[in-house]
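Open the structure in your viewer and keep the selection tool at hand. This tour goes stop by stop.

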Amino acid sequence: MFKVLSPFLLLVQVAATPNQRLLSGPKRYGHGVFFDIQAHRGGRANTIENTLPSFAWGLIEGATTLELDNGITQASRCLCSGVTPIDFPPQDGQVVIWHDEEISSTKCRDTQPAYPDDPQYPYVGKFIANLTLSQIKTLDCSRRQPDFPLQLTYPGTRISTLRELFDFLDCADPEHRILLNIESKVDPVYPNHTASVNTFVQRQYESFSSSGYFNSITYQSFDWRTLIAMKSLNSTITISALITDSTTIVPEGNTVSPWLAGIDLSHFDGPTLDHRIVQAAASIGADILSPSAISEFSTALEPEDEGYVPYTTSEMVARAHELGLLVKPWTVNSLNIVENLVKYQVDGIITDSPDALRRWAQQQKLSVAPRFPKYRVLACLEKHNQPI
């Protein structure tokens with residue numbers, strides 16, 4: 001059994017003070033000796049995202065870390081966070097691997113209702129939080145994405161549970177060498193679109209702690225409330241604070257961003273926003289800062305082009321290292337940007353193309369993780385991937 005979190009704990013607001021834990025340098029997690037090449041959603045430039053096939057190819061292509069997203073299926077008829085403990089109906093409140101709040105028609109298609117005359121059918125277009133696992137398992141989510149025309153597709157591929165991923169990895173990675181970076185997809189702006197913070201943290205922690213990968217997991221989120229709650233539940237888990245322009249913008253009529261767990265960045269000392277962001281992440285006990293590589297205000301995609309605006313800066317990285325945080329930007333699909341970030345001495349990079357980044361890293365004489373045996377990984381994929 002896992003510890004039940006009280007609603008009070010999950011609604012705690014972090015005191016916005018500049019007191020920080022100063023360390024001599026960045027901490028080291030995971031392998032340490034390898035540059036952390038993270039396969040974003042398994043490496044979506046190469047294989048349909050967030051599926052067992054994408055994670056299989058992430059292993060084959062030599063990623064250090066598999067990055068993925070979690071949603072929570074329908075936990076109860078009322079998605080309120082004020083009832084503790086939450087009463088999960090059988091087979092509901094399941095942790096699934098999916099990025100979007102809803103089932104998109106560009107990624108999935110309906111095949112059949114979960115049971116005759118299901119009033120919720122069709123399921124495409126509905127929120128994950130309003131569907132049961134049985135309903136979600138009827139979806140074929142193998143559509144190739146227009147932005148990634150070289151994606152391998154595996155027809156009939158279903159959305160997997162986190163438990164199913166762990167089972168596949170136990171087969172493909174029996175020594176448990178791969179690292180995992182798992183995101184909670186909680187929406188503080190539209191809370192009815194996703195399960196609550198309480199639900200996410202309880203369900204994810206239960207899955208983490210029952211797997212052989214507990215010590216290999218980084219827990220990341222844009223919603224810093226989930227990071228605080230997870231760290232409160234188990235102080236040993238590595239947490240990564242995701243951040244970008246839009247999650248630091250304060251809505252009109254408010255004093256703080258809804259994404260930052262009540263933290264007011266203006267309460268921190270520092271000559272720039274970069275300094276204050278780093279201090280804010282340190283104040284919640286983050287081990288890693290994971291900023292967007294490119295600013296949302298950038299009008300160009302390459303550093304040498306006019307209008308290019310970075311979000312991750314050398315100043316941000318240096319200050320993070322001073323406070324003992326690692327820095328791992330996302331989502332980097334340009335080697336020109338990679339080269340800049342490595343000059344800044346980032347500790348890892350999240351990319352849609354782990355194979356291309358690995359080749360570059362080898363050329364630069366950076367230490368990279370070994371590839372996993374292709375024959376074994378594909379045999380395990382055939383065993384564990386159960387298409388429609």
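Each stop below says what to select and what is there. Keep in mind that this is a predicted model.

**Stop 1: helix α6**

Select residues 224-233, which form helix α6. Is this helix mostly covered or mostly open? It is mostly covered, with eight of its ten residues buried. Colour W224, T226, L227, I228, A229, M230, K231 and L233 to see the buried ones.

**Stop 2: α5 against α6**

Now show side chains. On the α5 side, pick V197, V201, Q204, Y205 and F208. On the α6 side, pick R225, T226, A229, M230 and L233. These two sets meet. By class, the contact has seven nonpolar, two polar and one charged residues. An α-helix has 3.6 residues a turn, so residues three or four places apart point the same way. Keep that in mind when you look at the spacing within each set.

**Stop 3: α2 against α4**

Clear the selection. Select α2 (52-60) and helix α4 (residues 162-172). Here the angle is about 30°, and the axes are 11 Å apart. The crossing of α2 and α4 is right-handed. From α2, show L52, F55, A56 and L59; from α4, show E164, L165, F168, L169 and A172. What classes of residue make up this contact? Eight are nonpolar, none is polar and one is charged.

**Stop 4**

Buried or exposed? N50 is buried, with a relative accessible area of 1%; the cut-off for buried is under 20%. Next, show D69. The side chains of N50 and D69 are joined by a polar contact of 3.0 Å. Beyond its neighbours within four places in sequence, N50 is in contact with several residues, including R41, F55, E67, L68 and D69. I97, W98 and H99 are also among them.

Stay in this loop between β1 and α2 and select R41. R41 is not a glycine, yet its phi is positive, at about 55°. R41 counts as buried, at 7% relative accessibility.

**Stop 4: H176**

Move to the loop between α4 and β4 (179-184) and select H176. Phi of H176 is near 55°, a positive value in a residue other than glycine. At 26% relative accessibility, H176 counts as partly exposed.

**Stop 5: Y121 and P122**

Select Y121 and P122. The peptide bond between Y121 and P122 is cis, with omega about 5°. To find P122, look in the loop between β3 (95-97) and α3 (133-136).

**Stop 6: D347**

Finish in the loop between α10 (335-343) and β9 (348-351), and select D347. D347 is buried, with a relative accessible area of 11%.

Conventions:
Residues numbered from 1 in each chain as written. Predicted model: local features only at pLDDT ≥ 70, side-chain atom pairs only at ≥ 80, totals over all residues. Heavy atoms only, no water. Buried < 20%, exposed > 50% of the residue type's maximum accessible area, 1.4 Å probe, protein only. Helix = DSSP H or I, 4+ residues; strand = E, 2+ residues; numbered from the N terminus. Contact = heavy atoms within 4.5 Å. Nonpolar A, V, L, I, M, F, W, Y, C, P; charged D, E, K, R; others polar. Polar contact = N/O pair within 3.5 Å; in protein donor to acceptor, adjacent residues only side chain to side chain. Axes fitted to C-alpha atoms, helices over the stretch in contact; angles between N-to-C directions. Left-handed = near helix turned anticlockwise from the far one by under 90°.
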